[in-house]
Amino acid sequence: MTEEQQTQEERDATAAIIAEQNDRFRRTWGADFSVPGQIVFTRGVADMSPAAKAIIMQRVQQFSDFTEDNDPWGDHTFGAFDFEIAGNAYKIFWKIDLYDTAYCMGSDNPADVSVTRRVLTVMHASEY
């Protein structure tokens, strides 16, 4: 069935399944192996202090401010927040991409964890 053939109700149901899986992956920082994937920091985030990275990790895990603007499909694949440390303010984005099991292309069925691998990327907004 193509995306055009799906009803809005079916698309919403699929988005809810993907959102639950994305939340589980993000909240456990990939430790829930029933939702496989990997976590990547861009160079800008990787170069930050260990304390800053710990705060960022916690904020990504606890993120719950999903709105129509940052989550238009209802699948919880993106978030953004501001934080400050040592007098410096940062805007951080995170996003989850849904790949096939070889991480080569998009998953054919993103709601099926047996054929989908997640990549959670954490970055400075300027690196987006």
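Predicted model: local features only at pLDDT ≥ 70, side-chain atom pairs only at ≥ 80, totals over all residues.
The strands form an open sheet of 4 members in the order S1-S4-S3-S2, and the pairing is mixed. S1 and S2 are the edge strands, each of them pairing on one side only. From one strand to the next the twist averages 20°. Strand S3, residues 88-99, pairs with strand S4, residues 117-124, in the antiparallel sense over 8 bridges. Within this pairing, Leu120 of S4 is the bridge partner of Ile96, and Phe93 stands opposite Met123 in S4. The pairing of S1 with S4 is parallel and extends over 5 bridges. Here the bridge partner of Ile39 in S4 is Leu120.

Strand S4 is largely enclosed by the rest of the structure, because 8 of its 8 residues are buried. Both of its faces are covered. Arg117, Val119, Thr121 and Met123 lie on one side, Arg118, Leu120, Val122 and His124 lie on the other, and all are buried.

Helix H3 lies across S1, S2, S3 and S4 and runs at about 145° to S2. Returning to the pairing of S3 and S4, which is antiparallel over 8 bridges, H1 packs on the sheet and touches S1, S3 and S4. The direction of H1 makes about 65° with that of S4.

In soluble globular proteins, nonpolar side chains tend to be buried together. The largest nonpolar core in the model has 20 residues, and those with the most contacts inside it are Ile56, Val60, Phe81, Trp94, Leu120 and Val122. At least two residues of this core are supplied by each of H1, H3, S2, S3 and S4. S3 gives the largest share, 4 residues. Not counting residues up to four places away in sequence, Val122 touches Trp29, Val40, Phe41, Thr42, Val45, Ile56, Val60, Ile92, Phe93 and Trp94.

One of these contacts, Thr42, is found in the loop between S1 and helix H2, residues 43-46. Thr42 has a relative accessibility of 17% and therefore counts as buried, the cut-off being under 20%. Its side chain is joined to that of Glu127 by a polar contact of 2.4 Å. Beyond residues up to four places away in sequence, Thr42 touches Thr121, Val122, Met123, His124 and Glu127.

A polar contact of 3.1 Å joins its side chain to that of Asp75. With residues up to four places away in sequence left out, Thr77 touches Asn22, Asp71, Trp94, Lys95 and Ile96. Among these, Trp94 is listed with the residues that have the most contacts inside the largest nonpolar core, and Ile96 is the bridge partner of Leu120.

Apart from residues up to four places away in sequence, Gly30 touches Phe25 and Ile39. Gly30 and Lys95 are 65 residues apart in sequence, and their C-alpha atoms are 14 Å apart in space.

Terms used: Residues numbered from 1 in each chain as written. Heavy atoms only, no water. Polar contact = N/O pair within 3.5 Å; in protein donor to acceptor, adjacent residues only side chain to side chain. Contact = heavy atoms within 4.5 Å. Pairing = 2+ DSSP bridges. Axes fitted to C-alpha atoms, helices over the stretch in contact; angles between N-to-C directions. Core = buried A, V, L, I, M, F, W, Y, C linked by side-chain atoms within 4.5 Å. Buried < 20%, exposed > 50% of the residue type's maximum accessible area, 1.4 Å probe, protein only.
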